[in-house]
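Take a moment to look over the sequence and the 3D picture. Then use the notes below as a guide to what to look for.

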Amino acid sequence: MTGTPQKQKLWRDVIIFDGLDTLPEPMAVVVEGDRIDRVLPMSEWDEATAADCEEMARGGVMTPGLVDCHTHLVFGGSRADEFEQRLEGASYEEIARAGGGILSTVNATRAASEAELFDAARPRLEALMRDGVTTVEIKSGYGLTVADELKMLRVARRLGEALPVRVVTTLLGAHALPPEFKDDSDGYIDLVCEEMIPAAASEALADAVDVFCEKIAFSVAQCERVFAAAKAHGLPIKAHAEQLSNLGGSAAAARFGALSADHIEFLDEAGVAALREAGSVAVLLPGAFHTLRETQLPPIEALRAAGVPMAIATDANPGSSPIFNPTLMLNFACTLFRLTPREALAGMTSHGARALGLHEQVLHEQGLGRVKEGAPADLCLWDVDTPAALAYAIQSGRLRQRVFAGSVTQAFQGEQRHD
Ligand code: DI6
Ligand code: FE
């Protein structure tokens, strides 16, 4: 080794949820550089080697850094007015059909500069980070012109450069039909396929391509065209599907080897089988379910029986999920969807990473979302006594340390603790 070797970092006497399970005994974790070097039971810990390490903390619950695999964090304006309309009885769908909803955010996003979008998104992202997020996916989808979609993606990339967090970007050009294409939805899909996807791919601004497959958005046939264009440019695909009705968007996405199908409240047995065969992740978004006061539950039992990995995400967006609190989603996943705390935690760690293509089979990010030897040292140390408590209690301020790429980036101890 050249230069002054940095001391290894040591966390000891920690209870570990490793991304899939809670380990049976208190552990020691040693980090070297940006990777986890050793994870071993305290009973096997050799005190003599402690002198070679810098001790970072003792005790607490350690999890992988949280992976929020579905957000729309970059947007202009606010939709608090629609919240009030919904309380007075208007439905999400009615508001969308009347030109509000996503399109009202499109107007505000188009009017905003890149710097304004960055400044608006930054505190939202910081809120996620304060609650443990170390990897976040950010979608475009409120620009709906080539220039405005690329503008959103550039803001997302810049957020990842400015803050200690991994940002994965997704082009969601096929999110809603912009007013310029009011009676020409196929024409808009042409634009997405022939201009937006090639531009985003050539500027390396998108890591994946997403669509909204729904009666108020795009048909299965239109989404398939978008998937084919994405594949032709080497980009993996995802889909917002079966959120408000069962059109078969998830199965179509699975046929294109989708990383994930998201929302999926209305997914049927055939859709579950399609996800299983494709190895796609089912991304559950209990925040949108809660906000829209949905009653149709996603087919949890069938997904579980089929062994489809279930991820949990905030869906942070100004309309259907104005929620910037990932650990609250652990609680919602259990309370609303009846996941176990173990499933919910796996959903925001290893399965969230899989929904982004960053799980352990992928060589360049081996083991993201896991606490294991060789994995990236993205970790959270929580002031709770059991991992299940993260899902059980609705409480902010429990994150004692957040470790990003081997560095403690936020410590909330004693006097420094704040929300
Ligand atoms: N489904 C959603 O939940 C978000 N997008 C989508 O296709 C909502 C976006 C919004 O309402 O602004
Ligand atoms: Fe969404």
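Here is a quick tour, grouped by topic.

This is a predicted model, where local features need pLDDT of at least 70, side-chain atom pairs count only at pLDDT 80 or more, and totals for chains, interfaces and linings use all residues. Residues are numbered from 1 along each chain as its sequence is written, chains are lettered from A and ligands numbered from 1 in the order in which they are written, and side-chain values use heavy atoms, with hydrogens and water left out.

**The iron site**

- The iron ion (ligand 2) has His70 (NE2), His72 (NE2), His240 (NE2) and Asp315 (OD) as its protein donors, 2.1 to 2.3 Å away.
- Donors here are N, O and S atoms within 2.8 Å of the metal (3.2 Å for Na, K and Ca), and sites may look incomplete because water is not among the atoms.
- Along the sequence, the spacing of these donor residues reads H-x1-H-x167-H-x74-D.
- His70 sits in the loop between β6 (66-68) and α2 (80-87), while His240 is in strand β10 (residues 238-241), so this pair, 170 residues apart, links distant parts of the chain. Helices (H or I, at least four residues) and strands (E, at least two) are DSSP runs, numbered from the N terminus.

**Around ligand 1**

- Ligand 1 is surrounded by 14 residues, with Arg79, Tyr92, Tyr142, His175 and Ser320 the closest; a residue counts as near if one of its heavy atoms lies within 4 Å.
- An N or O atom in the Arg79 side chain is 2.8 Å from an oxygen atom of ligand 1.
- For His175, a side-chain N or O atom is 2.8 Å from a nitrogen atom of the ligand.
- His263 has a polar side-chain atom 3.3 Å from an oxygen atom of ligand 1.

**The nonpolar cores**

- The largest nonpolar core has 104 residues, and Leu125, Val136, Val226, Leu284 and Leu303 touch the most other members.
- Such a core is a set of buried Ala, Val, Leu, Ile, Met, Phe, Trp, Tyr and Cys residues joined through side-chain atoms within 4.5 Å.
- Helix α7 (residues 185-202) supplies the largest share of this core, 9 residues.
- Apart from it lies another core, of 16 residues, including Val29 and Met62.

**One buried serine**

- Ser350 is in helix α15 (residues 350-355).
- Ser350 counts as buried because its relative accessibility is 7%.

Definitions and conventions:
Buried < 20%, exposed > 50% of the residue type's maximum accessible area, 1.4 Å probe, protein only. Polar contact = N/O pair within 3.5 Å; in protein donor to acceptor, adjacent residues only side chain to side chain.
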